[in-house]
Amino acid sequence: MIRLEPRPTASTAMIYIAPAAAILLSMAAGMGLFWALGEDPVRGIGMVFIEPLTDWFYISEISVKGTPLLLIAIGLSFGFRAGIWNIGAEGQFTVGALAGGATALALYDMEGLWVLPLMALASIAAGMAWAAIPAFLRTRLNTNEILVTLMLTYVATHILSILVHGPLKDPTGFNFPESRLFHDAATVPVLFEGARAHVGLLAAFLVVAVAWLTLRYHVFGFQMKVTGQAPRAARFAGFVQPRAVWACLLISGGLAGFAGMLEAAGPVGQLVPAIPVGYGFTAIIVAFLGRLQPLGILFASFVMALTYIGGEAAQIDMNLPNAITGVFQGMFLFLLLGIDVLTRYRVRRIPRRPAPSAALRGA
Amino acid sequence: MQRKALKLAALGLAAALIGGPALADGKTKVGFVYVGPVGDHGWSYEHDQSRLAVEAEFGDKVETTYVEKVSEGPDAERVIQQLARSGHDLIFTTSFGFMNPTLKVAKQFPKVKFEHATGFKRAPNLATYSARFYEGRTVIGLIAGKMTKTNTVGYIASFPIPEVVRGINAAYLAAKSVNPDVKFKVIWVSTWFDPGKEADAAKALIDQGADVLMQHTDSPAAMQVAEERGIYAFGQASDMKRFGPNAQLTSIVDNWAPYYIARVKAVMDGTWESTDTWDGIKPGMVGIAPLSDKLPADVKALAQQAIDDIVAGTRHSFTGPINKQDGSPWLKAGETASDGDLASMNFYVEGVEGALPK
């Protein structure tokens, strides 16, 4: 009989091995999947994970996909450390895109270097405001922030839809539900001519650095850690739980909102109902795959962006179904959580005890 | 099985092509971008059927690629660009939301030809095409007006864009012309493809008394609900009879094949030009599936007559006198709507209840 026993302390090595193992196992499982589909497994896995890295076009696109994932996941990681579960970053992303985009439209055709920063501020404020709702409800009424943040996502999507069908609709667009294209001063500049990688990537790197410093040197990072791991100890130490709830939700909401603005004013260039494409949810996987560590998240968001781009490439070059991307992302999380069990528990073989096992066999 | 064989063929072709430009071996590469899954049995499905027709027509002179379930957001531009970069000569982007991304990529790849469905922005290498689905709506509107016993027709609508509003108006005017008491109930589901939402809307409409359903969404979910509840429905984009053998009265069937074949041919011949095509029943872009045996002979005859008249050019779906919903006049007696009016239609005609979502 095999039993799982809690380890006295979590295995340090496993903490770092688990994500890498999850990725490698997913690739192995993916090869099995390609084989079952009648495709060449080596070619398939190469198409998804290697091919995109050999071409500057793909690398630029990986950064386009990775930037919002990185920003959102960094924001979420603070709360996840403290056991505050913001599942609705997608909604905060959407209101951020909306606020930033509405600002751009209100300032239509105005030139000036102040336009983009103003849009950024509007989007951060909007994301924070959206996340403040669950923070208020949790601290005052003790509601479950998982449900509230998640449900507010759908509200945000509908508000975006209502506004692009109505007040923000392109006046010359034949009633089609989309805003006009933002003017140049309200468009996020690209890093290289002809590619879509934009300066948002640099902002995201900056956020990673700040997060790393905060977790390492600032008392807030320590507080988050303790609040998550030992709530009672945190209370005795004088860390105020409501304040942590507010801080975590506002940080994650603000960063998600900012990511939304970068998306709307970057690769999209206008407001359309399809701006939210699931970054807020994928970022949850990214945060865990990155072990809630800023540098880990940097790596994880890159891997996750790679599966999007690689999955698309496989679809175009090998006519594989679009579900490939989702399958890989799902496997990452599933296998990571599975392997994680082994970081906290160890496997023990236990000699059979005759009576209960006989009874079990009979059952 | 067909899909499997195709995949193998595509794999072989892709392998053969690696390392060389597409035209080196004389093949014309054609790419298709779909908003839904090819298995939606509606809009994207029919585009894909027409893609297969292109392959059947030109055999090994052509190579086609498709990308399905492309969101109308930031990913569209990359997908289109990838197709352009990988040596495609002609690229069809088949949903309205691909308009701006297609235009952007078209500017970057002046030698590649682009075709965008249902949009209004063109460029020297970007053509647009759409179908006069409203002609089909007139036919099903007539049938619905005759077949409803509760005088209530349920309509599942996607987005309040001109194409959809036009469909509602055309169907209502036709139904009203044969049944003055008919009422239309419209539910907006804000999606092109979401079987769950579409089914919920169908159930809600039936609960509100509708006994005939129409839809401007892409899945056969409403047809299945109609079959279960024993009422009638019209298929959308594709013949949906197998989802509602008793329920389906007929379907509006999109048939892009003749257009796609002609455009691919034009690229091969070097005669391709940026055009704006808007074809209806007569050129065959809009088809009407076989009429159900449940229809009485006089209703069948009425529908057939309408089809014949539309083909002959003696019947236009929007022929005055027609007032707008608020009672203000739109078309004078005998006047027909201009294409410009139709392309930008953003109002209900008189008699349709409810307000257009803003």
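Chain B of this predicted model has a secondary structure of 11 helices and 14 strands. Its radius of gyration is 21 Å, close to the 21 Å that the globule rule gives for 358 residues, so chain B is as compact as a globular protein of that length. Along the principal axes, the C-alpha atoms of chain B fill a box of roughly 65 × 45 × 40 Å.

**Packing within chain B**
- Of the 358 residues in chain B, 51% count as buried.
- When contacts in chain B between residues at least 6 apart in sequence are considered, 63% of them join residues at least 24 apart.

**Domains of chain B**
- The chain is divided into domain 1, which covers 2-131, and domain 2, which is made up of 133-254 + 286-343.
- The centres of domain 1 and domain 2 of chain B, taken over C-alpha atoms, are separated by 30 Å, and the contact between these domains takes 13 residues from domain 1 and 15 residues from domain 2.
- On the side of domain 1 of chain B that touches domain 2 of chain B, helix α2 (residues 43-58) of chain B gives the most, with four residues.
- By class, the residues on that side of domain 1 of chain B divide into six nonpolar, five polar and two charged.

**The six-stranded sheet**
- In chain B, six strands form an open sheet with mixed pairing, in the order β7-β6-β8-β9-β10-β12.
- The edge strands of the sheet are β7 (183-188) and β12 (286-288) of chain B, each of which pairs on one side only.
- Direction ignored, neighbouring strands of this sheet are turned by 15 degrees against each other on average.
- Strands β8 (residues 212-215) and β9 (residues 232-237) of chain B run parallel and are joined by two bridges; L213(B) has A233(B), in β9(B), as its bridge partner.
- Helix α6 (residues 162-178) of chain B lies across β6 (152-157), β7 and β8 of chain B, and runs at about 170 degrees to β6(B).

**The interface with chain A**
- Between the two chains, 34 residues of chain B are in contact with 25 residues of chain A.
- On the side of chain B that touches chain A, at least two residues each are supplied by α1 (2-17), β2 (62-67) and α3 (75-85) of chain B, and α3(B) gives the most, with seven residues.
- Sorted by class, the side of chain B that touches chain A has 15 nonpolar, 10 polar and nine charged residues.

Conventions:
Residues are numbered from 1 along each chain as its sequence is written. Chains are lettered from A and ligands numbered from 1 in the order in which they are written. This is a predicted model: local features need pLDDT of at least 70, side-chain atom pairs count only at pLDDT 80 or more; totals for chains, interfaces and linings use all residues. Two residues are in contact if their C-beta atoms, placed from the backbone, lie within 7 Å. Ala, Val, Leu, Ile, Met, Phe, Trp, Tyr, Cys and Pro count as nonpolar, Asp, Glu, Lys and Arg as charged, and the others, Gly among them, as polar. Two strands pair if DSSP finds at least two bridges between them. Axes are lines fitted to C-alpha atoms, for helices over the stretch in contact, and angles run from 0 to 180 degrees between N-to-C directions. The radius of gyration is taken over C-alpha atoms; the globule rule is 2.2 Å times the number of residues to the power 0.38. A residue is buried if 20 or more other C-beta atoms lie within 10 Å of its own, exposed if 12 or fewer, and partly exposed in between; C-beta atoms are placed from the backbone. Domain bounds come from an automatic or database domain assignment.
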